Amino acid sequence: MNIFDLSDLAQLAGIPLLQARNWTSGRPLFIRPSVRVASGRGKRNLYSDPEVLKLAIAKRLRDGSVGFRAI
């Protein structure tokens, strides 16, 4: 299993870091980290391969003008 932080996740999915931050925090999507949910100061969410795939698919759908409700 590969483990990624948010910047890795954004780079692998091909989206800007700010967009990845929004899409993983419920604005407008909420993609939960499967490895570790940050708790406390200085902790980071950690993601794995399925989250990279979810973000990449969401990006492709948005590029094709699919609305967030459909995604």
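**Entry 1**

I began with Lys59, which counts as partly exposed because its relative accessibility is 23%. My cut-offs: buried is under 20% relative accessible area, exposed is over 50%, and partly exposed is in between, with a 1.4 Å probe and protein chains only.

Before going on, I noted that this is a predicted model: local features need pLDDT of at least 70, side-chain atom pairs count only at pLDDT 80 or more, and totals for chains, interfaces and linings use all residues. Residues are numbered from 1 along each chain as its sequence is written, and side-chain values use heavy atoms, leaving out hydrogens and water.

Which residue does Lys59 meet in a salt bridge? It is Asp63, at 2.6 Å from N to O. For me a salt bridge is a side-chain nitrogen of Lys or Arg within 4 Å of a carboxyl oxygen of Asp or Glu. Both residues sit in helix α3, 4 residues apart, which is about one turn of the helix. Helices here are DSSP runs (H or I, at least four residues), as are strands (E, at least two), numbered from the N terminus. Asp63 is exposed, at 54% relative accessible area.

**Entry 1: the other salt bridge**

I searched the whole structure and got 2 salt bridges.

Are the two partners buried or exposed? Arg44 is exposed at 52% relative accessibility, whereas Asp5 is buried at 15%.

I then listed what else Asp5 touches. Contact means heavy atoms within 4.5 Å. Leaving aside neighbours within four places in sequence, Asp5 is in contact with Arg44, Asn45, Leu46 and Tyr47. Asp5 and Leu46 are 41 residues apart along the chain, yet their C-alpha atoms are separated by 5.0 Å.

**Entry 2: how α3 is laid out**

I checked the length of α3. The expected span is 1.5 Å times one less than the number of residues. For the 15 residues of α3 that gives 21 Å, and the end C-alpha atoms are 21 Å apart, which agrees.

Which residues of α3 are buried? I found Glu51, Val52, Leu55 and Ala58. They cover an arc of only 130° around the axis, which puts them on the same side of α3. (The arc is that of the directions from the helix axis to the C-beta atoms.) The cover over these buried residues includes α1 and α2. The face of α3 turned away from its buried side carries the exposed residues Leu53 and Arg60.

Leu53 came up again in a nonpolar surface patch of about 320 Å², made with Ile57, Leu61 and Ile71. Patches take residues with over 30% relative accessible area and no salt bridge, joining like charges within 9 Å and nonpolar side chains (Val, Leu, Ile, Met, Phe, Trp, Tyr) within 5 Å. The areas come from the Shrake-Rupley method with a 1.4 Å probe, and for residues only the protein chains shown count as cover. Ile71 lies in the segment after α3 and is partly exposed at 32%.

**Entry 3: the loop between α2 and α3**

I picked out Ser48 in this loop. Ser48 counts as buried, at 4% relative accessibility. Not counting residues up to four places away in sequence, Ser48 touches Met1, Asn2, Phe4, Ser34 and Val35.

Val35 is in the loop between α2 and α3 too, and is partly exposed at 31%. With neighbours within four places set aside, its contacts are Met1, Ile3, Leu46, Tyr47 and Ser48. Val35 and Phe4 are 31 residues apart in sequence and 8.9 Å apart, C-alpha to C-alpha.

Most residues other than glycine have a negative phi, and most peptide bonds are trans. The peptide bond from Arg27 to Pro28 is cis, with omega near -10°, and Pro28 belongs to the loop between α2 and α3. Ser65 is not a glycine, yet has a positive phi of about 70°.
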